[in-house]
Structure formats: C-alpha cells, structure tokens
Amino acid sequence: MRIAVDAMGGDSAPSEIVKGAVNAARKFSNHEIILVGDQKKIHNELDVFGTTPNNISVVHSSQVVGMNESATIAVRKKIDSSITKSVKLVAKKEADAVVSAGNTGATVAAATLFLRTLEGVKRPGIGVTIPTFHGVCVVMDAGANIKCKPAHLLQYGIMASVFCKYILNIEKPRVGLLNIGEEDAKGNDLVKEAFTLLSSSPLNFIGNAEGRDVFDGKFDIVVCEGFVGNVLLKFAEGLTISLLSAFVSEAKKNTLTRIGIWLCKPTLKQLRSKNDYSEYGGVPLLGIDGICIIAHGRSDSKAIQNAIREAIQFRKYQVNKHIVSGVERADSSLVTAIQRDNFPNLN
C-alpha cells in the first residue's frame, strides 16, 4: 500500500511529520510512504535519521496551505500545495491513501473535489472517535458538511456504523441522533426528518441523544451536522484539558495534596493517555472514493505514525467497500421517504 503524507501540514511540520513517517516506515515495512512537500526541507529532516528507509520516497511541492487560509480558495489557487498534490496522487492511483495534519477544510475540499464520493454517497463526513468512561463514541459529522439534509445524516449513521464495526470492532453499534431532548417530537425540521429516516433504516438506531449522552456509554455513534459536531468536539477537547490542568494545579497547593497526586500519578497517566489525540492518530473523512485520514493540527510524530497505521487498517478491512454496500442496503427506505410529500428536503 502507498500512503501519501502531507509533510508540510501541521504546527510542527515538517520535522514531526517526517519523524512520524520514518517511524511508520520502519514499523510497517511492507508499505510505501510518500512524503509530499518542499523537497529540500524534507531531505534535511530525513538526514537527521541517517539512512532513509527504502520504503520512503519524496514528491516535491512548491506551495503550502496555511492553517488560516480559506479552504476552497487555497485548493483552487495553490494547485501545487502539499495538500492538493497528496490528494492528486491518490486520484491518479499513484497512492492509495492520504494523511494530512494541515488545514482541515482544505483537505476536505481537495478530497471532495479530486477524489469525489463513493457510489451512492451524497456528502462525505468526518468521523471523530471520542473517548468516554465506557469506551468510545464516534461523532459524525465533525465539520465537513455544515449544510446537512436528512439523507446526509442517515448516510453518516451508515458510514459511522461501518467504521465502528470494522475498525473499532463494535459488531452492532448503537446509533443516536444529536438533539435538544430525548423525545421524538423535539428538534428542528432537519432533525425530525432525519429521525424518521434513521428509525426506518437497517441501522441499530436507539433514538435521540443529548449532548451529555456522548459520554455516558448509551451510544456508540452520535450523528449530527458538521457545524454542531465541530463545536461539540472542540468543547469536549477544551473541557478535558481544563479539568485535568485545574486538578493538577489545585492538588499542588499543599504538601498533603501533593502526596495524594503522587499516589494518583499512574491513574492520571492512564487518564491522560486515554484522552490523548496522538493515540488515535487521526480521523477519517468517510464517504470519499479513496482513503483520507485527517490528523490534528498539533500532531507529533506519534500521532502521524498512528494516522498512517489507521490508513493501513482502512485498506486492510475494505471500509469503503462496506460503506457502498451499506448505502445500497439503505437505498430502498431512503427512496420511499423521498417520495413522500412530507420530506421536501431529503435530496
């Protein structure tokens, strides 16, 4: 398998990206890693490791998409950017997957523009795995599509279910629809119509999920539109960091509590590890005709290595093939719903 890695994307690029790619190349020696970006800078980083692994190659690109640049404008104007060139390698069948810790919007835009969607898929979505007290919960979409329609939310449930089954080993994932209450009648028109679609689908749909339900183990998947999902994700990330920092700060205020925190150190280490994004590597852009793993902008070498590992898993377990099959199975219920007069926004 050939994996194109955007070497210039992320806050610590290219040093941490190259380091993660080298570590991955050594660990996954049967796979080829293509580093895309400024050739001189990449080779300077590779020189640090002495001998470059034989399964690493470099493809030069002369431009970089900044983290604050407009995604669509950057993709169309910076045609030789490391993000665009990485995606195009997949589009030309010169690579099988792309990994990027760069501008998320640009990665989504490039993948959607050049790879297109899988057969039957209407909109791609980002599936984020959030650690909880009872395992994990996949939130989808986390930012790819902020103008959702009911059919999109149904397909997010389908794609996230495939991801849970084949990557997270959850045989029959429980699906919830993010809403302002548990009752069927709650929510806006989008949520109400999506609720009806999900209820009549072959998914293991449990019902509406409130924000607090993401962490209590009731659902394995929570479906929502991209704007809401992204806010939820950033809030959870910030809250986790704040709570851990506040706990440590308070515990250091006197000798007795410092002894207590020392005794709790192994537990705190496990808790921090469980909530460390680098352990998960990256998040998949599900629904595109290819494999695209989006890593955190602050990714270190460990996160990049794990993102590459995830791309390999996607290919190994044929996630895209299973997504197409899942969408096909749900088509009959979707077509029926579209034909009803009370579903004007499904297409």
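Q: What should I know before we start?
A: This is a predicted model: local features need pLDDT of at least 70, side-chain atom pairs count only at pLDDT 80 or more, and totals for chains, interfaces and linings use all residues. Residues are numbered from 1 along each chain as its sequence is written, and side-chain values use heavy atoms, with hydrogens and water left out.

Q: OK, helices. At what angle do α1 and α2 pack?
A: About 55°, with the axes 9 Å apart. Helix α1 covers residues 15-27 and helix α2 covers residues 39-47. Helices (H or I, at least four residues) and strands (E, at least two) are DSSP runs, numbered from the N terminus. Axes are lines fitted to C-alpha atoms, for helices over the stretch in contact, and angles run from 0 to 180 degrees between N-to-C directions.

Q: What does that angle make α1 relative to α2?
A: Oblique. Angles under 35 degrees count as roughly parallel, over 145 as roughly antiparallel, 65 to 115 as roughly perpendicular, and the rest as oblique.

Q: Which residues meet there, α1 to α2?
A: S15, V18 and V22 in α1 meet I42, E45 and L46 in α2. Contact means heavy atoms within 4.5 Å. By class, the α1 and α2 contact has 4 nonpolar residues, 1 polar and 1 charged. Ala, Val, Leu, Ile, Met, Phe, Trp, Tyr, Cys and Pro count as nonpolar; Asp, Glu, Lys and Arg count as charged; the others, Gly among them, count as polar.

Q: And how do α1 and α12 cross?
A: At roughly 45°, and their axes come within 7 Å. Helix α12 is residues 301-316. That makes α1 oblique to α12.

Q: Which residues make that contact?
A: From α1, they are E16, I17, K19, G20, A21, N23, A24 and K27. From α12, they are S301, I304, Q305 and I308. The contact of α1 with α12 divides into 5 nonpolar, 4 polar and 3 charged residues.

Q: What about α4: mostly covered or mostly open?
A: Mostly covered. In helix α4 (residues 82-91), 7 of its 10 residues are buried. Buried means under 20% relative accessible area, exposed over 50%, and partly exposed in between (1.4 Å probe, protein chains only).

Q: Which ones are buried in α4, and what covers them?
A: The buried ones are S82, I83, T84, S86, V87, L89 and V90. Their cover includes β1 (2-6), β2 (32-37), β3, α3, β4 (97-100) and α5 (104-115).

Q: What follows α4?
A: K93 follows α4, and its phi is positive, near 65°.

Q: Switching to cysteines. How many disulfides?
A: The structure holds 0 disulfides. A disulfide here is a pair of cysteine sulfur atoms within 2.5 Å.

Q: Now serines. Is S62 buried or exposed?
A: Exposed: S62 has a relative accessible area of 53%. S62 lies in the loop between β3 (56-60) and α3 (71-77). S62 and K85 are 23 residues apart in sequence and 9.9 Å apart in space, C-alpha to C-alpha.

Q: And S161, buried or exposed?
A: Buried, with a relative accessible area of 11%. S161 is in helix α6 (residues 150-166). Not counting residues up to four places away in sequence, S161 touches P173, V175, L203 and I221.

Q: Where is N179?
A: In the loop between β7 (175-178) and α7 (189-199). N179 is buried, with a relative accessible area of 10%. Leaving aside neighbours within four places in sequence, N179 is in contact with K186, G187, V191, N208, A209 and E210.

Q: Last one. Where is I206?
A: In strand β8 (residues 205-209). I206 is partly exposed, with a relative accessible area of 42%. I206 and G176 are 30 residues apart in sequence but 5.7 Å apart in space, C-alpha to C-alpha.
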